[in-house]
Amino acid sequence: MAASQGEAFTERQQEVLDAVLKLMVAEGDGFSVAAVARAASCSKETLYKWFGDRDGLLTATVRWQASKVRMPKLPQDRLTRQSLEAALTGFAASWLTVITGDLSIALNRAAVSHAGSGKSRLGEIVLTNGPFAMKRRIEPLLETGRAAGLLDFEDVTDAFRSFFGLVVADTQIRLLLGEDSHPDQAEINMISAQAVTKFLRLYGRG
């Protein structure tokens, strides 16, 4: 159960969670625990021991996918506008790379399909461990930028929402609705750099 509460999954658990993601690409979230056990070559008992019930398995899967977004390393010395811009751009590019991949698209499509239906908690799980988790992870960087006099905002939540809108824009929704053209790494890097430039025009100081 401990692994399902965070992102410190063992290599074997990661293999299981990747198997869940592949099942979701193939058939949405209608899979059974037995199907996961077969796909991952492990017993149902092991799955229940590691993740608890099916919701626990889904929560761990979403957290594992979200953990693939790399957090930028803050410089050891004083934060500069250049290092802040590089950190934000790196985070944006990693985030876009993850959410535009087939695994994330399948996960989000499944979540949207059940949202508000009462049949599954997947929508709530994705919202809590996806966008809300990204907010918690990037807030310290935004706050550090404000403390260094590089950013100017009253509410960090508003700043994050602006950042989210500029980075994600309509890219994710187009893919969720079936657009086949996934952005390649060069396009993701360009989108990320442009989004951070616009964000710094809105909130940058100096």
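1. The model is a predicted one, in which local features need pLDDT of at least 70 and side-chain atom pairs count only at pLDDT 80 or more, while totals for chains, interfaces and linings use all residues. Residues are numbered from 1 along each chain as its sequence is written, and side-chain values use heavy atoms, with hydrogens and water left out.

2. Helix α1 (residues 11–27) and helix α3 (residues 44–51) pack at an angle of about 105°, their axes lying 12 Å apart; helices here are DSSP runs of H or I with at least four residues, numbered from the N terminus, and axes are lines fitted to C-alpha atoms over the stretch in contact, with angles from 0 to 180 degrees between N-to-C directions. That angle makes α1 roughly perpendicular to α3, a term used for 65 to 115 degrees, where under 35 counts as roughly parallel, over 145 as roughly antiparallel and the rest as oblique. Arg12, Gln13, Val16 and Leu17 of α1 meet Leu47, Trp50 and Phe51 of α3, contact being heavy atoms within 4.5 Å. By class, this contact of α1 with α3 has five nonpolar residues, one polar and one charged, where Ala, Val, Leu, Ile, Met, Phe, Trp, Tyr, Cys and Pro count as nonpolar, Asp, Glu, Lys and Arg as charged, and the others, Gly among them, as polar.

3. Helix α3 also packs with helix α2 (residues 33–40), at an angle of about 105° and with the axes 9 Å apart, and α2 and α3 are therefore roughly perpendicular to each other. On the α2 side the contact is made by Val33, Ala34, Val36 and Ala37, and on the α3 side by Lys44, Leu47 and Tyr48. The contact of α2 with α3 has six nonpolar residues, no polar ones and one charged.

4. What lines the largest cavity? Its lining consists of Val33, Leu47, Tyr48, Phe51, Gly52, Asp53, Arg54 and Leu57, of which α3 gives the most, with three residues. A cavity is a set of points on a 1 Å grid over the protein atoms alone where a 1.4 Å probe fits but cannot get out, a pocket is an open set with protein on both sides within 12 Å along at least five of seven lines, and lining residues have an atom within 4 Å of a point. About 30 Å³ of space lies in the largest cavity, a volume being the space filled by probe spheres set on the points, which are joined across faces, edges and corners. The lining of the largest cavity divides into five nonpolar, one polar and two charged residues.

5. The largest pocket holds about 380 Å³ of space, and of the 23 residues that line it, Asn108, Val126, Gly130, Pro131 and Gln172 are the closest to its centre. Helices that each supply at least two lining residues include α5 (81–99), α7 (122–129) and α8 (131–147), while α6 gives the most, with five residues. The lining of the largest pocket has 16 nonpolar, seven polar and no charged residues.

6. Helix α5 packs with helix α11 (residues 185–203) at an angle of about 135°, with axes 8 Å apart, which makes α5 oblique to α11. The contact of α5 with α11 has 11 nonpolar, six polar and two charged residues. Among the residues that meet are Leu84, Leu88 and Ala92 in α5 and Ile188, Ile191 and Val196 in α11.
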